[in-house]
Amino acid sequence: MSAQEHLRVLRERWLTVVAVVVLAMGLGVAYLALRPPVYTAALQMYVSSPAAGNSDSASLSGAQLAQDRVKSYQELVTSPRVLTAAIAATRLPLTVTELRGKMDATVTDGSVVMVVNVSDASPETAAAIANAVGNAMTATVDSLERPTVPGPVTAPVMTVRAVEPAPVPEDQSSAGPKRVLGIAFLLGLATGVAAAISRNAADNSVRAPEQLAEIVDAPNLGQITVESNLTKRPLIVIDEPNSATAEDFRRLRTNLQFIEADKDHKVLAVCSALPAEGKTTTAVNLALALAAAGHRVLLIDADLRRPAIAERFVLDNSAGLTNVLAGAIGLFQAVQNVPAVKLDVLTSGTIPPNPSELLASAQNARVIEESRARYDVVLIDTPPLLPVSDAAALAPATDASVLVCRANRTSSVEARRAAEALRSVSSKVGGVVLVGGDRSGRRLGSYSYAASSQASVPVSPVLPNATPSEAPPFEQEHDGRPTLGSKPDEAHRRPRPRPRPQPVGQRSANGRHLDAGTEQIAGRWNGHG
């Protein structure tokens, strides 16, 4: 991985790094609170040769002998003979192994001074043990270095004496809080970075739009920024037109022109691999962006299991797509209009027991073709591809499908399987859209010359006086529009007059309440898909 890729991983996995660092710091604090105090007493012992004499050559020979012996004395000071004598002198309840674990001896190269360090929880005990070890070492060396040949008693060849008694230490020798916490921080940081990189290597979720386009083998149509206020204001194209997310949807609108570029009237299915990946919110805001650009747009809610579009626009869902397919109402009687944004919506209607069969029916294909003749763009919000087969049943009747995936949630396997499900029914994957994810390298924010007022969205049906009983489906014309099976002419393709918005609080002819405030258009960030 390059340095830039490592930085991207750390940006995406920063919570992992922070969690590990906090855990390491917590362990450091716990160690400081639970560890016993440690004091270290130091005893310096001088090695010399009494028999060196007064001549220069004898002194040099004695010094060299002392340097040679001091290395051996470093090992001797921790021998059982010396330690047993020290334990007997101090009368401490220690074994030789336990005492050896409390002490060590160090010698500097070229020096004849040996330093004996003894550590204990009590400073007085540490000093007492050090002095006892020094006395035992002196006696042991005197015994070992004294000649054993018969004759008069002579002085030992070498002597080891304490320079001065070991003082009682005043300060703890264990690492202080700053050192312990500093080590804990560095260890936590290194472990956290390693954990983040390991998690990234094991994570097969889609994280970048280029990665998604490569997995699906389809063009990248765009990436949608997920802002914090999107949950409260899901129709962000009209509620927050200057936001980065609204601009993302307008950019997506522009990129749609490359899908089936030779067709003036397009029918596109908006799909996702799994629920809660953002397809409904993408379909709704894309439809709003297209309508705002002057296109004649019909948004169809074909998610017949968990419909959400009627709730987003506060529309009547008693008559919709399923009612049209069942022959209870005509297509254009069921279409409802959002005048403030010049958008037509066909809600799902009554939830049926057999959604897959309805969406795969020839009747549904005829509805799509009639919609194509009337509108520039028909967007169809479909159920997720992997849990159910509804979207795959509908897709062949469309020009192409737009696959929406959620960054860091949709896995590469799921995205690939969703694309394969579409291609298995000979449906073209026109492009992919990634919702969320890292936007490094791009400066986000709003841009406008003046604050814009919030547009109201009064809602009314296309034909407020029509009722299901008055309009048999697929046989008669409604408001001069072509019926299913009829060939639309140019007159039919001219923009139709829009109904006049009704005042807030009034009801339309079919009794549905009309609300002009977008603040009441509720919804979640595509919890339904």
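**View 1. Lys-342 sits in the loop between strand E8 (336-338) and strand E9 (343-346).** This is a predicted model, so read the backbone angles here as computed values. Phi of Lys-342 is near 55 degrees, a positive value in a residue other than glycine. For background, most residues other than glycine have a negative phi. That is the reason for giving this loop its own panel.

**View 2. Asp-217 is another non-glycine residue with a positive phi, about 60 degrees.** Look for it in the loop between helix H8 (209-216) and strand E5 (220-224). Is Asp-217 buried or exposed? Its relative accessible area is 62%, and since anything over 50% counts as exposed, Asp-217 is exposed.

**View 3. Helix H2 covers residues 14-34 and starts with Trp-14.** In UniProt, an unreviewed entry annotates residues 14-34 as a "transmembrane region". In the model that span is 100% helix and 0% strand, and its end C-alpha atoms lie 30 Å apart. Zoom in on the side chains and you'll find a nonpolar surface patch of about 420 Å², made by Trp-14, Leu-15, Val-18 and Val-22. How exposed is Trp-14 itself, in terms of relative accessibility? The value is 49%, so Trp-14 counts as partly exposed.

**View 4. Strand E3 (residues 113-120) pairs with strand E1 (residues 39-48).** Eight bridges join E1 and E3, and the two strands run antiparallel.

View 5. E2 and E3 form a hairpin with five residues between them. Which residue in the turn has a positive phi? Gly-110 does, at about 85 degrees.

**View 6. Lys-71 reaches Asp-109 in a salt bridge, with the closest N and O atoms 3.2 Å apart.** The pair links distant parts of the chain: Lys-71 belongs to helix H3, while Asp-109 is in the loop between E2 and E3, and 38 residues separate them. Lys-71 is partly exposed, with a relative accessible area of 39%, whereas Asp-109 counts as exposed at 66% relative accessibility.

**View 7. The side chains of Asp-120 and Lys-102 meet in a salt bridge at 2.7 Å, N to O.** Asp-120 is in strand E3 and Lys-102 in helix H5 (residues 96-102), so the pair links distant parts of the chain, 18 residues apart. Which partner counts as buried? Asp-120 does, at 14% relative accessibility; the cut-off is under 20%. Lys-102, at 24% relative accessibility, counts as partly exposed.

**View 8. Arg-69 and Glu-145 form a salt bridge between their side chains, 2.4 Å from N to O.** Here the link runs from Arg-69 in helix H3 (residues 56-76) to Glu-145 in helix H6 (residues 123-145), distant parts of the chain 76 residues apart. Glu-145 counts as buried at 12% relative accessibility, while Arg-69 counts as partly exposed at 26%.

**View 9. Lys-279, Asp-303 and Asp-381 are linked in a network of salt bridges.** How many salt bridges does the structure hold? The count is 12.

**View 10. Zooming back out, the chain has 19 helices and 13 strands.** Of its 529 residues, 47% are buried. Among contacts with a separation of 6 or more, 78% involve residues 24 or more positions apart. The chain exposes about 25100 Å², and carbon and sulfur atoms supply 55% of it.

How values were computed:
Residues numbered from 1 in each chain as written. Predicted model: local features only at pLDDT ≥ 70, side-chain atom pairs only at ≥ 80, totals over all residues. Heavy atoms only, no water. Patch = residues over 30% accessible without salt bridge, like charges linked within 9 Å, V, L, I, M, F, W, Y side chains within 5 Å. Areas by Shrake-Rupley, 256 points an atom, 1.4 Å probe, with all protein chains shown as cover. Salt bridge = Lys/Arg side-chain N within 4 Å of Asp/Glu carboxyl O. Helix = DSSP H or I, 4+ residues; strand = E, 2+ residues; numbered from the N terminus. Buried < 20%, exposed > 50% of the residue type's maximum accessible area, 1.4 Å probe, protein only. Pairing = 2+ DSSP bridges. UniProt positions renumbered as here; feature names shortened; annotations may be inferred. Contact = heavy atoms within 4.5 Å.
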